[in-house]
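Thanks for making the time this morning.

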Amino acid sequence: MPIDPTLREGMLAAVPRLRAFAVSLSGNVDRADDLVQETLVRALTSIDSFRPGTNLAAWLFTILRNHFRSEYRKRRREVEDVEGRHTESLRSQPEQMGHVEMAEFREALAKLPPDQREALILVGASGFSYEEAAEICGCAVGTIKSRLNRARNRLTDLMQIESGEDFGPDAATRAILTDRDTGT
Amino acid sequence: MKRRKRMPTRSAKLPEPPSFEPPKTLGRDIQAKIGDQLRAMHDDIVKQGVPDRFVELLSRLDKGEGGE
């Protein structure tokens, strides 16, 4: 199907932000790119439901978000594997502090429930208003705000644990903090 | 409204009181850090621009060749 050049341009312009959102959701660039590809295909398939003049980016984000949510439900186990791999990559590169810090942040982010994580990304990083984020997530503005609050509180908790680690190597401290069998 | 999950293992090892209330200034520092990290993570990907595969995908779809 021929694509309207303006539409094509708008879709491509949205790709970098869509990818960033998809990476935050899936925790994995390859999977994120697949999500974005699927989003573009779905968008063009259902282009009739897009009202020209409305926010194309928000519409694309909605498609991506809904697609991820249905995939997530199907592949919950796989998503957990992805999070596990984050932890591994963190441990394998202890010298790169910037990288470690970012990896720790991603790890903390991955511990949030998906609805809190997406609210945080949409408003805190993608640059959407509360109203747009509510539209993308199909919920009330108040719901977005309370998810944001909970996300920030939870992340603050998680990162305060991290910031208490100045006295020792990361992995060792983490082992203490997550010690499952103190009785051995 | 405000849910406070008990962290089962840290109270024994860290100096926080059991009824954990984040110190206000530290909380603000971390809030700022969360914002910075979010944006850094986001910008990291955004500055990669549009990978060729998406330009090619739209060209294929434009010509009716399908996307898969």
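Read along the sequence, chain A runs α-α-α-α-α-α-α-α-α, that is, nine helices and zero strands, where helices (H or I, at least four residues) and strands (E, at least two) are DSSP runs numbered from the N terminus. Please keep in mind that this is a predicted model, in which local features need pLDDT of at least 70 and side-chain atom pairs count only at pLDDT 80 or more, while totals for chains, interfaces and linings use all residues. Residues are numbered from 1 along each chain as its sequence is written, and chains are lettered from A and ligands numbered from 1 in the order in which they are written.

Chain A is divided into domain 1 (1-74) and domain 2 (94-184), with bounds that come from an automatic or database domain assignment. The contact between them takes 12 residues from domain 1 and 14 residues from domain 2, two residues being in contact if their C-beta atoms, placed from the backbone, lie within 7 Å. On the domain 1 side, α1 and α3 (56-74) each supply at least two residues.

What, then, lies between the two domains? The largest nonpolar core, with 47 residues, has L18(A), A22(A), V36(A), L60(A), L64(A) and A133(A) as the residues with the most contacts inside it; such a core is a set of buried Ala, Val, Leu, Ile, Met, Phe, Trp, Tyr and Cys residues joined through C-beta atoms within 7 Å, and buried means that 20 or more other C-beta atoms lie within 10 Å of a residue's own, again with C-beta atoms placed from the backbone. Both domains of chain A give residues to this core, so it lies between them.

Helix α1 (residues 5-26) gives the most to this core, with nine residues. Leaving aside neighbours within four places in sequence, A22(A) is in contact with A32(A), L35(A), V36(A) and L64(A). Helix α1(A) bends by about 40 degrees at V15(A), with a proline, P16(A), following within four residues; the bend is the angle between axes fitted to the seven residues ending there and the seven starting there. After α1(A) comes G27(A), whose phi is positive, near 70 degrees.

Finally, buried residues make up 33% of the 184 residues in chain A. In helix α6 (residues 114-124) of chain A, nine of the 11 residues are buried, so this helix is largely enclosed by the rest of the structure; among them are R117(A), E118(A) and L120(A).

How values were computed:
A residue is buried if 20 or more other C-beta atoms lie within 10 Å of its own, exposed if 12 or fewer, and partly exposed in between; C-beta atoms are placed from the backbone.
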